[in-house]
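Reader: I would like to learn how to read a structure file one feature at a time. Can we work through an example together?

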Amino acid sequence: MDLFRSAILRPGPPDDFALQTVQEAIKPQKQTKLVQDENQLLENILRTLLQELVSAAVQSGEKIMQYGKSIAEDEITQGQIPRLLDIVLYLCEKEHVEGGMIFQLLEDLTEMSTMRNSKDVFGYIESKQDILGKPELFARGKLVMLRTCNQLLRRLSKANDVVFCGRIIMFLAHFFPLSERSAVNIKGVFNTSNETKYESEAPNGISIDFNFYKTFWNLQEHFSSPASLTLATTKWHKFTSSLMVVLNTFEAQPLSDEEGNADNLEDEAATFSIKYLTSSKLMGLELKDPSFRRHILVQCLILFDYLKAPGKSEKDLPSEVMMEEIKSCEERVKDLLVVTPPKGKEFLQSIEHILERERNWVWWKRDGCPPFEKQPVEKKSLQEGARKRRPRWRLGNKELSQLWKWADQNPNALTDPQRVRTPAITDYWKPLAEDMDESAGIEAEYHHKNNKVYCWKGLRFSARQDLDGFSRFTEYGIEGVVPLELLPPDVRSKYQAKPSDRSKRAKKEETKSAANQAEENQIATPASEGDGEGTKVELEGSTTAQMETDTVMATGSGNGTPTTEEHHQKQGSNSSDAEGGGQEAGQIIEAEAETGGLIDGETDAEVDLVGSDKI
C-alpha cells in the first residue's frame with residue numbers, strides 16, 4: 001500500500017510508473033497481466049487505500065476530489081483520489097488488471113461520498129466517459145455503473161436536484177447503446193407510485209367550484225396508469241366525462257395574447273419544478289397560466305398516443321367506439337393548443353414531431369430492439385438501373401483485335417509457314433493431364449478445364465483425331481477426352497471402359513442400327529405401293545416367261561439345259577446376294593453418318609463426302 005501512496009504523489013503520466021508499481025507490490029507470475037488471485041489481492045489493496053484517503057479528506061474538511069491538491073510554481077497538482085483513479089483506469093485500459101476494477105472503485109467512492117461530494121465524483125465519471133465506454137471496459141463494468149447511477153438517483157431529491165438527476169440520466173443514455181435491454185422497459189411498466197395529492201374537502205371561503213377542482217386533479221390518476229383505461233370500460237367513461245368538463249372550461253375561458261405575453265418563459269425555466277401545487281386557492285391563477293394549460297393538454301396527447309397503439313396483439317387495441325371518442329377528444333385538445341398563446345401553432349407542431357419520434361421508439365422497443373446499424377454499401381461503378389455498356393473492339397471482339405495488333409507490329413507473322421499448324425492431340429491435352437495428377441498439387445481454380453476456349457478447341461481436335469476419346473465426353477466430361485496414355489495409372493483406371501461396358505455399348509449400337517433399318521423399310525414401302533401397275537405387268541411377263549420355259553424343258557430336257565428347279569434356285573441365290581450386299585452397304589452408310597453426327601459443321605461435311613465416295 002505504501003508503494004501506491006508514493007506512486008500517487010509522483011508527477012508525470014501514469015504509463016511511466018503504473019505497471020512497475022503493480023509489479024513491485026504484487027510480484028505477479030506474468031510481467032504484464034495479473035491472474036485472478038492477483039487481481040483480487042490488488043483490488044483489496046486499492047479499496048482499502050481509497051477508504052483511507054476519503055476518511056482523511058473528511059477529517060481535513062476538504063472536498064474528497066480536491067484532497068491533496070496544491071498549487072506550486074504555477075503548476076496545479078491533481079488531488080490524490082483522482083490521481084489514484086487515473087492510475088487504475090490506465091491499468092484497466094491496457095488490460096494489465098481486470099477491467100471491472102475501476103468501476104468497483106467508483107461505486108465505493110460514490111457510496112462513501114455526501115451529496116455535495118457526489119457531484120464532483122460524477123463530474124470525474126463524465127470526463128472519463130469515452131474511456132469507460134470502450135468495449136473491453138464496458139463489457140466488464142456496465143452493470144456496476146448502472147447500479148452506481150441508480151443508487152445516486154435514489155439518494156437525490158426529484159424536486160430539488162432536478163439538474164443533477166438529468167445529468168445522470170443523460171450520462172446513462174450516452175454510455176449505454178440504444179439496444180441495451182436494461183434501459184428499454186420492455187414490459188411497459190408505469191410509475192404508479194407518483195401520486196398527485198389534492199384536497200378532498202372544500203376549505204372555507206373558496207372562490208371556485210370545488211367539484212371542478214376535484215374533477216381536474218383526478219385526471220392525474222388516469223395519466224399515471226394509461227393501461228387501466230382499456231381494461232375497464234367504467235374507468236374509460238369516468239375519464240372521458242372528467243376530460244370533457246375540463247376541456248369545456250378551457251374553451252369557455254380562452255386566454256388573451258396579453259396573458260400569454262405576460263408569461264415569461266425564461267423566468268419560468270429558471271424556477272422550473274416538475275410538479276404543480278394542488279392547493280384549491282391557486283386553482284383560479286393556474287387556469288390563467290398558459291404553461292399550466294399546455295402541460296395538461298400535452299398529457300392528454302401522450303395518453304391518446306399510447307391508447308391508439310398499446311401493444312402488438314389486436315386484443316390490446318381499443319374498440320371502434322373508443323377510437324372514435326379518442327379521435328374527437330384529440331382534435332379538441334389540438335385546437336386548444338393552437339389558440340393557447342404564445343405561438344400555439346408552432347408549439348403544437350413541435351409536440352407532434354416529438355410524439356412521432358416517441359412512437360417509433362416505442363415500436364422499436366416492442367419489436368425486440370432489432371439492430372438498425374447497416375453495413376456500408378460498396379460503391380458501384382454504375383448506378384442502379386443503368387445498362388452496362390459493352391466494350392467496343394476494332395474488329396468485333398478482343399481476340400481478333402489482338403491478332404490485328406500483332407500483325408501490325410510483326411508483318412512477317414502472316415507469311416510464316418508455321419503460322420497455321422494443328423497440334424498433336426497428345427501435345428494439346430498434356431496441360432490438362434498434368435492438372436488431373438493429384439501429386440502435382442495444382443488448385444482447382446487454376447485447372448485448364450475452367451478455360452472454355454481451351455476445352456472447345458480440344459473437343460474439335462479430338463473429334464478429328466481421337467474419336468474413342470471424344471466418345472467419353474458424354475460420360476466423363478472434358479477430363480474423359482484426355483488420352484489415357486497421358487494420365488497417371490491411378491487416374492487412368494477411372495476412365496478406362498470395362499469389358500461389360502464395351503459389350504453394352506456394342507449392343508446399343510446394334511439396336512440403333514436395327515431401328516434405323518426398320519425406318520428405311522417403312523419409308524421404302526409406300527414407294528413400292530405406288531408402283532402397283534408396273535408390278536402387275538412384271539408379274540404377267542414373268543408368268544408368260546415361265547410357261548415358255550416349261551414348254552422348252554418339256555420338249556428338250558436332255559439337251560443340257562437347266563431344269564426349272566435349278567433355275568429357281570439360281571434366281572433365289574442371286575436375289576439373296578443382292579439383298580445382303582445392299583444391307584451391308586446401308587450399314588456402312590449409317591456408321592459413317594453416325595460418326596459425322598458427332599463432329600461439328602466442318603467434320604460433318606468431310607464425312608458426307610467420304611460416304612458419297614463409298615456409295
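Reader: Which residues is A57 in contact with, leaving aside its neighbours within four places in sequence?

Author: This is a predicted model. In it, A57 touches E62, I64 and Y67, once the neighbours within four places in sequence are left aside. A57 itself is found in helix α3. A57 and Y67 are 10 residues apart along the chain, and their C-alpha atoms are separated by 5.6 Å.

Reader: Is A57 buried or exposed?

Author: A residue counts as buried when its relative accessible area is under 20%. A57 has a relative accessible area of 0%, so it is buried.

Reader: What about the cysteines C165 and C455: what is their relative accessibility?

Author: C165 comes to 11% and therefore counts as buried. C455 comes to 10% and also counts as buried. As for disulfides, the structure holds 0.

Reader: How do I read a helix that has buried residues? Take α2: which of its residues are buried?

Author: The general idea starts from the geometry. An α-helix has 3.6 residues a turn, so residues three or four places apart point the same way. Helix α2 covers residues 18-26, and its buried residues are A18, T21, V22 and I26. These lie on the same side of α2, because they cover an arc of only 110° around the axis.

Reader: What covers the buried residues of α2?

Author: The cover includes α1 (2-8), α3 (36-60) and α4 (80-93).

Reader: And which residue follows α2?

Author: K27 follows α2, and its phi is positive, near 55°.

Reader: Now salt bridges. How many does the structure hold?

Author: The general idea is simple. Side chains of opposite charge can pair when their charged atoms come close. This structure holds 15 salt bridges. One of the pairs is R140 with E98, whose side chains meet at 2.7 Å, N to O. That pair links distant parts of the chain: R140 is in helix α8 (residues 135-155), E98 is in the loop between α4 and α5 (101-112), and the two are 42 residues apart.

Reader: Where do K334 and E330 lie, and how many residues apart are they?

Author: Both are in helix α17 (residues 320-339), and being 4 residues apart they are separated by about one helical turn. K334 forms a salt bridge with E330, and the closest N and O atoms are 3.8 Å apart. E330 is buried, with a relative accessible area of 14%. K334 is partly exposed, at 25%.

Reader: Which residues form a salt bridge between two loops?

Author: The side chains of K449 and E479 meet in a salt bridge at 3.2 Å, N to O. K449 lies in the loop between α20 (425-436) and α21 (452-465), and E479 in the loop between α23 (473-476) and α24 (489-495), so the pair ties together parts that are 30 residues apart in sequence. K449 is partly exposed, with a relative accessible area of 36%. E479 is buried, with a relative accessible area of 18%.

Reader: To finish, how many helices and strands does the chain have?

Author: The secondary structure comes to 28 helices and 2 strands. The chain has 615 residues, of which 31% count as buried. Its accessible surface comes to about 41100 Å², and 52% of that belongs to carbon and sulfur atoms.

Conventions: Residues are numbered from 1 along each chain as its sequence is written. This is a predicted model: local features need pLDDT of at least 70, side-chain atom pairs count only at pLDDT 80 or more; totals for chains, interfaces and linings use all residues. Side-chain values use heavy atoms; hydrogens and water are left out. A disulfide is a pair of cysteine sulfur atoms within 2.5 Å. Buried means under 20% relative accessible area, exposed over 50%, partly exposed in between (1.4 Å probe, protein chains only). The arc is that of the directions from the helix axis to the C-beta atoms. Contact means heavy atoms within 4.5 Å. A salt bridge is a side-chain nitrogen of Lys or Arg within 4 Å of a carboxyl oxygen of Asp or Glu. Accessible areas come from the Shrake-Rupley method with a 1.4 Å probe; for residues, only the protein chains shown count as cover.
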